[in-house]
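Me: I'd like to learn how to read the disulfides in a model. Can you walk me through them?

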Amino acid sequence: MTRASLTRLAVAGAAVVGVAALTMGTAAASPAPQSGKHDKKPGPSVPVRLLTINDLHGNLEPPTGSSSRILDPNGANTDTDGSLTGIAGAKYSIAGGASYLAAHLKQLRDADTLLVAAGDLIGASPLLSAAYHDEPTAALLDKLGLVASSAGNHEFDEGIDELNRIMNGGCHPVDGCSPAGEWKGTNFDYLGANVLKEGSGDYALPPFYVKKINGVKIGFIGLVTQTTPNIVTAAGIKGLQFTEEVAAANKVSKYLAKHGVKAQVVLVHEGDNITPNQDPSSCPVIPGNGTRIATGLDPQIDLVISGHSHQAYVCKVKDPAGQDRVYTQGSSFGRAITQIDFRVDRRTKDVIRSSVVAKNNVVTRTVTPDADTEAYIKTWQERVSTVANKPIGKITANIGRGGNVGETALGDLIADAQLEATKDGGNAEIALMNPGGVRTDLTYAQSGSEGDGVVTYGEAFQVQPFNNLMQVVTLTGAQLKALLEQQIWKVDPATGGITQRILQPSSSLTYTFDTTKPEGSRVSDIKINGTAVTDTQQIRVAANNFLVGGGDGFSVFTKGTDLWSGPLDIDAFVAYMGAHSPIAPPATGRINLVR
């Protein structure tokens, strides 16, 4: 039985009122120090380095498009017009990809290092990982030396039984074993101190993990956002109860302290949004649930490592005793590694708060990628080719982008698919798709085929290759109008050329966009399912996370409330194709475009 299995057996069934046993791992062998920054002389304190990641979402291959960029004060690229970052002159780097992540981890790791994470490492993943229920990602994280992670909401996408299978091993109950053979499980734990079995009050996951390094114990307490039931399907959270994060962590913290574990770290899959285009080291957070947790946790807890909001920040907040406490997050998709260095007092066994230094390291692609990881990914790329060639549906004729000018048949089709995928759980009423995210046409007769209209998964993926998450926010009717007013339609009087950016609407939304009127007063007659929209009406609007984050200049989206996250956009598209085949090109006319 593995160390991880023993840990889970000891704590998974413990009652809420107390933890049955304190379990402890031994520090794995690590490479010799490379930086020489840590003091190795015997003394009253010992060094520890944490390297942390969050929200990887199975991105083994380098992410593309907007998902590949990260604001980087030291970046090699400058956005001269603000089209990429939203502010002219801002610097960014192209980042991410598991082979680069592995290379950067090797550079940052020394003998005092532990690698931990803050959830959503799997779920809402690209085809390479998702085709095999994220086993490729979990296995790679083992290879990288991950010792513990909080569960994230997406770890529950397929339910607690599937999450336990990922940790403990066994082939998928429906799809069977992957091409790699029987799944062996992970050597790391997913932690959830606020995830209980409904009805019994027992922990559904290990609430903590303790690791001994340099002779001192470091306790890691795992938390997932208590909003998980609102952002995961009912099947995913069946039989589970998600309690308030601070109270759950404080209960475990007291237990650990009682048993001599004074150096404590919270890994929490909840975080804050930020003021855009600010240096992460300046703590540009807009206080929200992440700050609530980071400031409310017991003073015994020394560090708070967060996730969920896909932002990069390094902050210091005050704990309830008025002490400084470091609070961080490391972006998403493997684009950053948070490095936290500190010392632990040998006598008190506690973190010396004044010694804590944290920073986010961008996972640039300017380094030589790790060869072993490259080979590993190539193997899975070859294996997944059979999935890419799998038929997912049929079309009756070409469904194209029409040059991505104005409303298009393919844009409408994608918006309809996104609406259908976000109705349950997200309660979406309308969906909007950015035309730049529609990368190619669906062609009835693909090259070399006989023109049978079959669409494969690979072809669908070429249409939507960015692996954006579907999200839903609430906007008022007035905000929806303001959002639609941010669309662009300009004609060059000299050439007649059109510069435009028109969102693609689901069939539930109709309106008039009059290009002859001044900007800001072009939108009128907005209706949802034929009923006129009022300014004060609350509307659930679905879009991909790029748009919801204000991408393409649609900043009104960032004013939305009650955020819900669902499936990947490609998964929504594939599901819709399968459910409605054969699909004819939808008629346009949802936008009454006057020009």
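**Reading the disulfides**

Reply: Let's start with Cys 171, which is partly exposed at a relative accessible area of 24%. Here buried means under 20% relative accessible area, exposed over 50%, and partly exposed in between (1.4 Å probe, protein chains only). A bit of background: this is a predicted model, where local features need pLDDT of at least 70, side-chain atom pairs count only at pLDDT 80 or more, and totals for chains, interfaces and linings use all residues. Residues are numbered from 1 along each chain as its sequence is written, and side-chain values use heavy atoms, with hydrogens and water left out.

Me: What counts as a disulfide, and how many are there?

Reply: A disulfide is a pair of cysteine sulfur atoms within 2.5 Å. That rule gives two disulfides here. Cys 171 pairs with Cys 177, S to S 1.7 Å, and Cys 283 pairs with Cys 315 at 2.1 Å.

Me: Which handedness does the link of Cys 171 and Cys 177 have?

Reply: Right-handed, with 75 degrees about the S-S bond. Cys 177 is partly exposed, at 43% relative accessibility.

Me: And what about Cys 283 and Cys 315?

Reply: The torsion about their S-S bond is about 100 degrees, so this disulfide is right-handed. The pair links distant parts of the chain, 32 residues apart: Cys 283 sits in the loop between strand S14 (273–274) and strand S15 (285–286), and Cys 315 in strand S17 (residues 312–318). Strands are DSSP runs (E, at least two residues), numbered from the N terminus.

Me: Is Cys 315 buried or exposed?

Reply: Cys 315 is buried, at 3% relative accessibility, whereas Cys 283 is partly exposed at 27%.

Definitions and conventions
Helix = DSSP H or I, 4+ residues; strand = E, 2+ residues; numbered from the N terminus.
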